[in-house]
Amino acid sequence: MDETLALWTLGGAALAAAVPRLMRRLALSRAKHPSLGGHSRMAKRVASWLPGYAYDEARFFSADGAPPELAERRRQALHRLGQTLVQRCPQTLALTAQAREGLPDLQFTGAYRVPFQFSPLLRQHLQVGAFLEAADGVCLSDLDGNRYFDLTGSYGVNVFGVDVYRQCIAEGSARVQALGPVLAGLHPCVASNVQRLQRWSGLDQVSFHMSGTEAVMQAVRLARYHTGKRHLVRFCGAYHGWWEDVQPGPGNPLPPRETYTLRDMHENSLQVLRTRRDIACVLINPLQALHPNKAAPGDSTLVDSSRQAGFDRAAYTAWLQQLREVCTERGIVLIFDEVFVGFRLAPGGAQAYFGVQADMVTYGKTLGGGLPVGVVCGRSELMKRYREDRPADLCFARGTFNSHPYVMGAMQAFLDYLETPEAQLMYLDLDTRQNQRAARLNQRLRDAGLPVQVANLSSIWTVNYTQPSRYNWMLQFYLREQGLALSWVGTGRLIFSLNYTEADFEEVCQRFVAAAQAMAADGWWWQDAALTNRGIKRSILREMLAHRR
């Protein structure tokens, strides 16, 4: 009897100890987004299971069940489009082909420009040049003299227009020329940059790094150092660079470790932050306001038309305010990763735009005045890298090219420009202007009966497709034919520099509609009552299962 009672007592004690852990685990699971984007381990398993296969010519042109005559029209259209691009860009394409052999970046971007089943055959027929020779105003020129309206935004760098950054680099280089590329000390412009960044960020101290990825790494490291906690929280779909802790799913060879990927804009995520004791910091990428809980859009993920995006400023502001309150209550470091959006939404960045003060903020891209840079701004108690009472307890972060004189000179020139009336005028009614332009393009697309609409977060735009299709990703090539330059993610992201005039945008608008009309005329948006987004996904799943056998 005594032994039985002892066993029951031990069992009860073990259960009592396990229940809180189980409840915390359950709360964490409920806070994750139900998609694979919210479950890093499962996403990695699925990625390792996914079979590689490619469509032959017959399947390529009729993956949606299109009749033979339509498949033939598509085949002819693809060949015509491919021939047009080759005839226009012989030098650009020749150099791209030559460089691709030794440049894995080009191999990667070429292979992942469209859904993988279509990629091998498409690359045979449609070549995209990677080289540019000149830029001015809002246009780019390739090696063959073709001019394109720049919708790449240089991946976020180009806020004010390429001519501004060319001038920043020239002025900055002149300011530091007497010192040159000497790294033995700091150029005086560093002190000026620190003062201005303190003012713009509303934070106490500043450190300089060589890239946005490095800046985020340092911010997270400092948060862990000062809180004594290991885990960071990121939100489903958000991008914070390519290092392990912030990219815990596919693309990272290591398994998820100290990272919790939670659901954006959800009460369950706030509950996790309120109850767990192991969270050092929360990372926010304000770009997620355009597509919460979804990865950055790209044509390679357009297997159907279910992807949607849209921006609700009031809702996202309320979410950030809630995060701020919870992080303050729990002593969690709130980090705004503004590497992409910094100084694009407002002179004071996303903090000023949404009216929420972070504990730390990271910048990159445009802040270097056109040169590579990463910056961390933070509260003084979080930026310190050592402890007075523990001399061997350090939080080390240095890089040979941190605070490089030429980068610091270009940054100083950029910050000078940011304070000019010319720059401030570009921000005047910025959201209204961008929203009106998006509405104008959407109306034209509707009037033309085209299954395309755009959504925008200020000057950052994305494209939504309004009817089920397997071929939405073809639009990027029709846009290129019309003289619109896109980043390698294609129509997934259009970035306007703020120097686009109404006349410039009108030209882009006309070309965008013309590209969509040509694509529709070539039969890529064929409609059939049996074609649904769910049906497309089921069809692809059956294909994958068949290729696993």
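Tutor: In this predicted model, strand β10 (residues 374-378) is largely enclosed by the rest of the structure, because 5 of its 5 residues are buried. Buried here stands for a relative accessible area under 20%. In a regular strand the side chains alternate between the two faces of the sheet. In β10, Gly-374, Val-376 and Gly-378 point one way, while Val-375 and Cys-377 point the other way, and all are buried.

Two strands pair with β10. Strand β4 (residues 205-209) runs antiparallel to β10 and is joined to it by 5 bridges; within this pairing, His-209 has Gly-374 as its bridge partner. Strand β9 (residues 360-363) is also antiparallel to β10, with 4 bridges between them, and here Tyr-363 stands opposite Val-375.

The charged side chains complete the picture. Side chains of opposite charge can pair when their charged atoms come close. The model has 31 salt bridges, counted with a side-chain nitrogen of Lys or Arg within 4 Å of a carboxyl oxygen of Asp or Glu. One of them joins Arg-75 to Glu-57, with 3.1 Å from N to O. Arg-75 belongs to helix α4 (residues 68-88) and Glu-57 to helix α3 (residues 57-60), so this pair ties together parts that are 18 residues apart in sequence. Glu-57 has a relative accessible area of 30% and is therefore partly exposed.

A second salt bridge links Arg-230 with Glu-258, their closest N and O atoms being 2.5 Å apart. Arg-230 sits in the loop between α10 and β5, and Glu-258 in the loop between β5 and β6, so parts 28 residues apart in sequence are tied together. Arg-230 is exposed at 52% relative accessibility, whereas Glu-258 is buried at 15%.

A further salt bridge is formed by Arg-313 and Asp-431, whose closest N and O atoms are 3.2 Å apart. This pair links distant parts of the chain, 118 residues apart: Arg-313 is in helix α12 (residues 313-330) and Asp-431 in helix α17 (residues 430-447). Arg-313 is partly exposed at 36% relative accessibility, and Asp-431 is buried at 17%. Elsewhere, salt bridges link Glu-171, Arg-175, Arg-196, Arg-199, Asp-416 and Glu-419 in a network.

Finally, Arg-21, Arg-24, Arg-277 and Arg-330 form a positive surface patch. Of these, Arg-24 lies in helix α1 (residues 2-31) and counts as partly exposed, at 36% relative accessibility.

Definitions and conventions. Residues numbered from 1 in each chain as written. Predicted model: local features only at pLDDT ≥ 70, side-chain atom pairs only at ≥ 80, totals over all residues. Heavy atoms only, no water. Patch = residues over 30% accessible without salt bridge, like charges linked within 9 Å, V, L, I, M, F, W, Y side chains within 5 Å. Areas by Shrake-Rupley, 256 points an atom, 1.4 Å probe, with all protein chains shown as cover. Lys, Arg positive; Asp, Glu negative; His and termini not counted. Charge placed at Lys NZ, Arg CZ, Asp CG, Glu CD. Buried < 20%, exposed > 50% of the residue type's maximum accessible area, 1.4 Å probe, protein only. Pairing = 2+ DSSP bridges.
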